Amino acid sequence: MDADREPTLTRDTCAAALAAFDARAVDRAGHRCAAVALAVVTTDGVPALLLTVRPGTMRAHPGQFALPGGGIDPGESPEDAALRELAEELGVQAPPSAVLGRLDDFVTRSGYVITPVVIWVGEPGEPIRPNPDEVEYVFQVSMAELDHEPQFLSLEGAAAPLIEWPFRGARIFAPTAAIIYQFREVALHGRATRVDDLGQPDFASR
């Protein structure tokens, strides 16, 4: 990121970037399917991406950073699932017209195909209310934070580099880091960067 330039994002520029991006879909046969919401809210017109921390009491991936999301129910589209999970986890209601597009499907080591759905919420009509059963804390990630360069770590014996995205003193890994990185590349910079070749840590398989 240029230190003298604050990255900007509007609904129109985000929609245009996604329209120009050819999102790749994965054959879902034999996989469990999930969707995550890359939900952008605005405060006085300034955009931020919603990012959560899972409670330490959760059975799967306790205490980890995550995007709002979960399994796709029978008969649901990924867009429907992302909107539903956003409402269930954070109390954020958004209409179908808020969906701007998708990023590439991402296959996790635990056997899921995750479809990232970009949702432009804008100014929330109600305060964000995290569901304590699913969300320990919610962050609003600024565009400057989103535009931080990740680290790509080469690990002995690993076929693919491991992505490590820095956020407020913490380190976030794939799949969440990979999806956020692709959103940054596509939405902020208009670059069709692919992330399916990025490695995932051992805990992603659990």
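Helices (H or I, at least four residues) and strands (E, at least two) are taken here as DSSP runs, numbered from the N terminus. The structure is a predicted model, in which local features need pLDDT of at least 70, side-chain atom pairs count only at pLDDT 80 or more, and totals for chains, interfaces and linings use all residues. Residues are numbered from 1 along each chain as its sequence is written, and side-chain values use heavy atoms, with hydrogens and water left out.

Buried here means under 20% relative accessible area, exposed means over 50%, and partly exposed lies in between (1.4 Å probe, protein chains only). Among the buried residues of H2 are Pro 78, Arg 84, Glu 85 and Leu 90. The cover over them includes strands E1, E2, E4 (69-71), E5 (99-102), E7 and E8, where contact means heavy atoms within 4.5 Å. Just after H2, Gly 91 takes a positive phi of about 70°.

The nonpolar cores come next, each a set of buried Ala, Val, Leu, Ile, Met, Phe, Trp, Tyr and Cys residues joined through side-chain atoms within 4.5 Å. The largest has 39 residues, and Cys 14, Leu 51 and Phe 183 have the most contacts inside it. Helix H4 (176-189) is one of the elements that each supply at least two residues of this core, and H4 gives the largest share, nine residues. Leaving aside residues up to four places away in sequence, Phe 183 touches several residues, including Leu 9, Cys 14, Val 118 and Leu 188. A second, separate core of 20 residues includes Ala 39, Ala 82, Leu 86 and Ile 119.

Finally, the aromatic rings. A search of the whole structure finds six aromatic pairs. Rings of Phe, Tyr and Trp (its six-membered ring) pair if their centres lie within 6.5 Å; planes under 30 degrees apart count as stacked, over 60 as edge-to-face and the rest as tilted. Tyr 137 and Phe 139 pair edge-to-face, at 4.7 Å centre to centre and 65° between the planes. Tyr 137 counts as partly exposed because its relative accessibility is 48%, whereas Phe 139, at 16%, counts as buried. Phe 139 also pairs edge-to-face with Phe 167, at 5.2 Å and 90°. This pair links distant parts of the chain, strands E8 and E10, with the two residues 28 residues apart.
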